[in-house]
Amino acid sequence: MESPTRARDIRDAIVSGQRSAVETCREALDRIAALNPPLNAFRAVVPERALARAAELDARADRTTLPLLGVPVALKDNICTRGIATTASSRILDGYVPPYDATVVERLEAAGAVIVGKTNCDEFAMGSSTENSAFGPTCNPWSVDRTPGGSSGGSAAAVAARMVPVALGSDTGGSIRQPAALCGVVGFKPSYGRVSRYGLIAFASSLDQIGPFATTVADAAVMMDVLAGPDPRDSTASAAPVPDFSRTLDGNDKRMAGVRVGVPRHLFAEGVDAEVNAAFEAALEVTRGLGAELVDVSLPYSPQAIPVYYVIATAEASSNLARYDGVRYGHRAANAKTPVEMYERTRGAGFGREVKRRIILGTYVLSAGYYDAYYRQAQQVRTLIRDDYARALTGVDVIAMPTSPTAAFKLGERTEDPVQMYLSDVFTVGANLAGLPAVTVPCGLTTNRLPVGLQLTGRLMDDATVLRVADVYERATPWSSERPPQPA
Amino acid sequence: MTDTFSRGDVERVAHLARLELNAEEKDLFARQLAGILAYAEQIQRVPTEGVEPTSHAGDAAMLRDDEVQPSLPRAASLAAAPDADAAAGLFKVPRVIG
C-alpha cells in the first residue's frame, strides 16, 4: 500500500495505529535524501532530532488528541528554531543558531508536528525565484532548469516533490502564493495578524505574514487551525476569534451556490501569458458551473501596487536589516579599527546583491528630501489600493486572479533586470498591501506541463471563506492530484 | 523628480545605511536604481491630497499590560555573538573612543 501523502491522512494513520510516527518520519527523511540533491529545496535537514521527536510522540499517552500527530513539516529558513541553524539564506547569518523558537514553531510542535528541516529561500525573503539565496538556487521539481518561484521556493519545491506533506513559508508580496503556483501546490497567505510573526526574521513588518504550503486546501486548513490566533509576543497578532477552519471545510458543499466571484478583467489586458490566461478562464468557467456568480469588479489603483510595494517594502527592510551589525549574532568583518568600519565591512561582506540593492533603495526613499515624495506618497496610494479592495469585496465574496502572470521561468532568465523580476508579483502584492487573506490552488498545466495557479482573495479576517471556496474548486478539478515527474 | 541616480548618490545613501559597496556594485546600483526609481515615480502622479497614509493593514493592534516576564538567560543571549566576554556578560566591539 502506498504511504499517505496528505497531512490529514498521515495523522489519521498514526492515530489509528496503522503506522508509527517514527516510520513516517523515516520515510520523509529517505525521500529528502533521494530527491533533495538535484533540487536544493532544503538548507538543513535534522534527521536525529526529527526521529527522536517522532519516537517521543509514539510514546505519548495523549497522542490521539494531537491534530498534526507525526506529520513531517519543513520550515522556511527565516523562521527561528531553537537549536537549529536559521540563516534566512544569508551569509550574514551563516551558522546562527537562535536561542528561541518562533511562536509558529511552538504551536506546530505542541500539535504533534515533526520538524524535519529548514528550506531554502531568497536571502531575507527578498526575491521571486529563490535565486537570491546565498547558498544556491532551488530548482523546480516540474522542470529542473526552471525556478520554483520565490521567495519561499524551497518550501514550495519540498511539498511539490512530496518530500513533506506541509511546510511553512512567509509572504510579503507573494512569497508563498507565487512559488506555490509555480510548483503546483496550495499556498495560503492568511490575513495580516491572523498568525503571529514572533520569531519570523523581519523583512517588511507591515506586510510579512507566515502561512502554509500543502497539497490540498484541507491540509492548509489543518495547518491554520494550529497556527492562527493571538500572541502576547506580537502586538499585531489579531485578537479576532479564530474559526475552526477544518470543520468549515468538512461541512462544505460540493457546489458554490450563492458565491459571488469578482473578476478584475481590466488587470489582465497585457502581460499575462496566453496559456496562463486560458487556464484561468477555464477555472472561472468551472466556478460558474458549480453555481458561482461571476461579477466584474474594478481595482483602479492596482496598476500602482508594484511601485507602492517596492517603496514600502524596501523602506521597512532598510530599517529592519539595520540590526545586522556584527555585534550580537552572525558574521563580523575582522580587524576593523572602529565600530563604523566594522558595521560597513560586516554588512558589505554579509549581504548579497539584491539585499544591498533594497537597503540602498529603502534608505533613499526614507532620507531627507525624498520621504514625502516616495514613502509618504506610497503609504497614501496604499490606502487607495486598500479602499479599492474593500469596495470590490462589499459586492463579492472573493476576487479571482491568476496567481502569477507566467508559469515557472528559467533559472537566470530575470536575474539581470530587477524591475522584470519585481513584475512577477503583479497579482500578489495587492493582498499584502491591503492585509487580505489570499490562497492559490492549482488550476491547470501548460503544454510543457508547468503548473498554473488560481488566486482567490477575500475580506480581512475572513480567511475561512477563501479556504472554503478554494476547497470546492479543488475538489471539482483534477489539478491538485497532478504530480511533478519522478526524477530519472 | 530624479531622472538619474548617480554614483555619488549611491555612496551617500550607502554611508547612511552603513553598507560598504565595491566599485562594481556602486556603478551597477546607480544604473539599476535610476531604472527602479523611474518606474516608481508613477505613484507621484496619483492625486493623494487628503488621503490618510496606511502604515499597516491589520484589524487592530492588540495591546497588553507591560509586565515583567522571564527573558533569555544572559549566556543564551551572548552565545551567538562573534565576540563576547561571557564571564563579564558583555558584547565586545572595536574601541569607540581612541
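User: In what order do the strands of the open sheet in chain A lie, and what kind of pairing do they show?

Analyst: Please note that this is a predicted model. In general, strands of a sheet pair through backbone hydrogen bonds, either parallel or antiparallel. Here the open sheet has 11 strands in the order β1-β3-β2-β4-β6-β5-β10-β11-β9-β7-β8 of chain A, and the pairing is mixed.

User: Which strands are the edge strands?

Analyst: They are β1 (42-45) and β8 (293-296) of chain A, each of which pairs on one side only. On average, neighbouring strands of this sheet are turned by 30 degrees against each other, direction ignored.

User: How many bridges join strand β10 to strand β11 of chain A?

Analyst: There are 7 bridges between β10 (residues 438-445) and β11 (residues 451-457) of chain A, and the two strands run antiparallel. As one example, A:Thr440 has A:Gln455 in β11(A) as its bridge partner.

User: Which strands of the sheet does helix α7 of chain A touch?

Analyst: Helix α7 (residues 217-227) of chain A packs on the sheet and touches β4 (166-171), β5 (186-189), β6 (209-214) and β10 of chain A. The direction of α7 makes about 145 degrees with that of β6(A).

User: Turning to the interface, how many residues of chain A are in contact with chain B?

Analyst: In chain A, 64 residues are in contact with 48 residues of chain B. Helix α13(A) gives the most to the side of chain A that touches chain B, with 12 residues. By class, that side has 36 nonpolar, 17 polar and 11 charged residues.

Terms used:
Residues numbered from 1 in each chain as written. Chains lettered and ligands numbered in written order. Predicted model: local features only at pLDDT ≥ 70, side-chain atom pairs only at ≥ 80, totals over all residues. Contact = placed C-beta atoms within 7 Å. Helix = DSSP H or I, 4+ residues; strand = E, 2+ residues; numbered from the N terminus. Nonpolar A, V, L, I, M, F, W, Y, C, P; charged D, E, K, R; others polar. Pairing = 2+ DSSP bridges. Axes fitted to C-alpha atoms, helices over the stretch in contact; angles between N-to-C directions.
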